[in-house]
Amino acid sequence: MNTPTFRNWQSVQDEVLRRIHSREWKPGDLIPNETDLALEFGCARTTVNRALRSLADSGLLDRRRKAGTRVASQPVAKATLNIAVIRSEVEERGQKYGYQLMSRAQAVPPVGVSAGMATDTGQTLLHIRALHIANDKPYAVEDRWINTKVVPDALNETFKDVSANEWLLTHAPYTHGEIAFSAASASKDDSAVLSCPEHSALFAIDRVTWDGDASVTKVRLIFAPGHQLRTDLK
């Protein structure tokens, strides 16, 4: 049976996945090189390259220069996390969204924030604190620092009607980021804002996003008790 001609990298990827899942190509097997696959699939080598790179990024292929490409012996399932617009997240749960700006100020951040954002210790950043609300109840506190050297337009935004979370996703491009999850004990301030007992167990997300070598923003999100994070395994 002749293999049909593949017109795009997604169709090449689908065929490679089929061969892996059917064990036509078994874990550890060396697969044909890009030139041979391009000839077989009737497409450009660059099309094959993109498909294989995508599968390597997902952990299904192991690509080594001069050693070829093998089916991963122990494929790794990866969880994909997107930076969510909290308003959309709340509304997708079928809840009514609300937002309250708590404070907005230009300030020199603590040393830990400057270090995490790789900014000068004396550099002034924009500090935003806000409360996200679901069905008239506290949902999450957003404590954010914005590098206005990278995002100068943030200085012209009041953030009274739109959260920094949502505004940055539409106004400030980023190339990559770092994210950490942790448990936190509700401080006296947290308990007052989130309407929960002091020392309650809370879920926290700390994230820094970058545009090349320059930090865009650093945020700590603390969610009300009972929050669950869900994602998909790829």
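Trainee: Leaving aside its neighbours within four places in sequence, which residues is Phe159 in contact with?
Mentor: This is a predicted model, in which local features need pLDDT of at least 70, side-chain atom pairs count only at pLDDT 80 or more, and totals for chains, interfaces and linings use all residues. Residues are numbered from 1 along each chain as its sequence is written, and side-chain values use heavy atoms, with hydrogens and water left out. With contact taken as heavy atoms within 4.5 Å, the partners of Phe159 are Tyr99, Leu101, Arg104, Leu126, Ile128, Ile146, Ala154, Ala164 and Trp167.

Trainee: How many residues are in the largest nonpolar core?
Mentor: A nonpolar core is a set of buried (under 20% relative accessible area, 1.4 Å probe, protein chains only) Ala, Val, Leu, Ile, Met, Phe, Trp, Tyr and Cys residues joined through side-chain atoms within 4.5 Å. Tyr139, Ile146, Val151, Ala154, Phe159, Leu168 and Phe223 touch the most other members, and the residues number 24.

Trainee: Which residue caps the N-terminal end of helix 1?
Mentor: Helices are DSSP runs (H or I, at least four residues) numbered from the N terminus, and helix 1 covers residues 9–21. A side-chain oxygen lies 3.2 Å from the backbone nitrogen of Gln10, and the residue that supplies this oxygen is Asn8.

Trainee: Which helix gives the largest share of the lining of the largest cavity?
Mentor: A cavity is a set of points on a 1 Å grid over the protein atoms alone where a 1.4 Å probe fits but cannot get out, and lining residues have an atom within 4 Å of a point. The lining includes Ala164, Asn165, Arg207 and Val216, and the largest share, 4 residues, comes from helix 6.

Definitions and conventions. Buried < 20%, exposed > 50% of the residue type's maximum accessible area, 1.4 Å probe, protein only. Helix = DSSP H or I, 4+ residues; strand = E, 2+ residues; numbered from the N terminus. Expected span 1.5 Å × (residues − 1). Polar contact = N/O pair within 3.5 Å; in protein donor to acceptor, adjacent residues only side chain to side chain. 1 Å grid on protein atoms, 1.4 Å probe; cavity = no way out; pocket = protein on both sides within 12 Å on 5 of 7 lines; lining within 4 Å.
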